[in-house]
Amino acid sequence: MYQEIAFDPRCLAEFHYYGLLKTEFGFEQGRYIIAPVRKWAREAYKAAKESEQLKPVRKKSITTYLNKLQKQKNSSFIVLPNYRKYIDKGSWIDWCEDQMVLAPFKNVISEHFTDALSFNDILERDQRWQITPTVTVDKNAADIVAIIKPLIKLGGDIIIVDQYFRLTNNKVLDGILAEINKSDCITSIKLVTGINTANPKHTFIKQYQNKYSHLPPFELIVAPERFFHDRYIITSFGSIKAGHGFSEAVEQGTQADKLSINLCGKNEADEALDWVFKVVNDGKAKCFRLK
């Protein structure tokens, strides 16, 4: 549900692309521009500064904004995930072509790139640009992990809040850890559940740590039953939720065989994390450092 987008910095020579930059990317929009932020902002600034189409007032607005962006190490909507190697090419287009060989983007926004989306395509709600707020998948590990994978690739910390999500013999957790092991993007994992596990450290080592060699720190938090209402996957760059949780289930031939997963807003994700901190700080949870 989260998308990696390549955005040609030369587009900032036109004012309407500045509007896209301010409104269509980030945690709640489900899209991130993939680029080294300072280099991208520098090229965009040059395009805006040299533009003959921009009126002076608009040019000033864009260049001021991009000048500030150049000075930032991090951005709320421009990300370069760890699995994408930084390639210091002379131009964005060369960099972009190399990145597409490494891993495809969901979309490319450009006026100069074959098969790319333009502003008009986005304005006319081209299907390639749409993000469905709810995705329905089968309750099997492969389909569930496929929805979570784009968040894993963006990186940062990941917190699983799901009262019925088991540590033991959990194919979904195994799939999540397999993706984390491959991409080396996630810096820490917390599993917040209501299910107790006998000797959790032994279980984690036997079932997961011995299987995967590049796992980040892993913490298990066992909260009281029914402490949390919804179930969440929350990372540094986005959040999704599922009312029925992220666990596999046996197919029964009913509508309940399907799992609905939704984009989750920043405020709700932060509130869920506040409750995680509260249950820990109040001493109502049992915490285990498994790795």
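## The largest pocket

The residues that line the largest pocket divide into 9 nonpolar, 3 polar and 5 charged, where Ala, Val, Leu, Ile, Met, Phe, Trp, Tyr, Cys and Pro count as nonpolar, Asp, Glu, Lys and Arg as charged, and the others, Gly among them, as polar. This is a predicted model, in which local features need pLDDT of at least 70 and side-chain atom pairs count only at pLDDT 80 or more, while totals for chains, interfaces and linings use all residues. Residues are numbered from 1 along each chain as its sequence is written, and side-chain values use heavy atoms, with hydrogens and water left out.

The largest pocket holds about 350 Å³ of space, and of its 17 lining residues the closest to the centre are Met1, Tyr2, Gln3, Lys106 and Pro150. Strand β1 and helix α6 each supply at least two residues of this lining, and the largest share, 4 residues, comes from α6. Pockets and cavities are found on a 1 Å grid over the protein atoms alone: a cavity is a set of points where a 1.4 Å probe fits but cannot get out, a pocket is an open set with protein on both sides within 12 Å along at least five of seven lines, and lining residues have an atom within 4 Å of a point. Grid points are joined across faces, edges and corners, and a volume is the space filled by probe spheres set on the points.

## The sheet of four strands

Helices (H or I, at least four residues) and strands (E, at least two) are DSSP runs, numbered from the N terminus, and two strands pair if DSSP finds at least two bridges between them. On this basis, 4 strands form an open sheet with parallel pairing, in the order β3-β2-β1-β4. Strands β3 (78-79) and β4 (107-109) stand at the edges with a single partner strand each, so one side of each is left without a neighbour in the sheet.

Within this sheet, β1 (residues 3-7) and β2 (residues 31-34) pair in the parallel sense over 3 bridges, and Glu4 stands opposite Tyr32 in β2. Helix α4 (residues 92-102) packs on the sheet, touching β1, β2 and β4, and its direction makes about 150° with that of β1; such angles run from 0 to 180 degrees between N-to-C directions, with axes fitted as lines to C-alpha atoms, for helices over the stretch in contact.

## The sheet of eight strands

Another open sheet is formed by 8 strands in the order β5-β11-β10-β9-β6-β7-β8-β12, with mixed pairing. Its edge strands, β5 (134-138) and β12 (286-289), each pair on one side only. Strands β10 (residues 239-242) and β11 (residues 258-263) run antiparallel and are joined by 2 bridges, with Asn262 in β11 as the bridge partner of Lys241.

Helix α6 (residues 141-154) lies across β5, β6, β7, β9, β10 and β11, at about 130° to β5, whereas helix α7 (residues 171-183) lies across β6, β7 and β8, at about 170° to β7. Glu179 lies in α7 and, at 14% relative accessibility, counts as buried (under 20% relative accessible area, with exposed over 50% and partly exposed in between, for a 1.4 Å probe and protein chains only). Leaving aside neighbours within four places in sequence, Glu179 is in contact (heavy atoms within 4.5 Å) with Val145, Lys149 and Ile152.

## The cavity

The count comes to 1 cavity of 30 Å³ or more, and the largest cavity has about 60 Å³ of space. The largest cavity is lined by Ala35, Pro36, Lys39, Trp40, Glu43, Trp92 and Trp95. Helix α2 (37-49) and helix α4 give two or more residues each to this lining.
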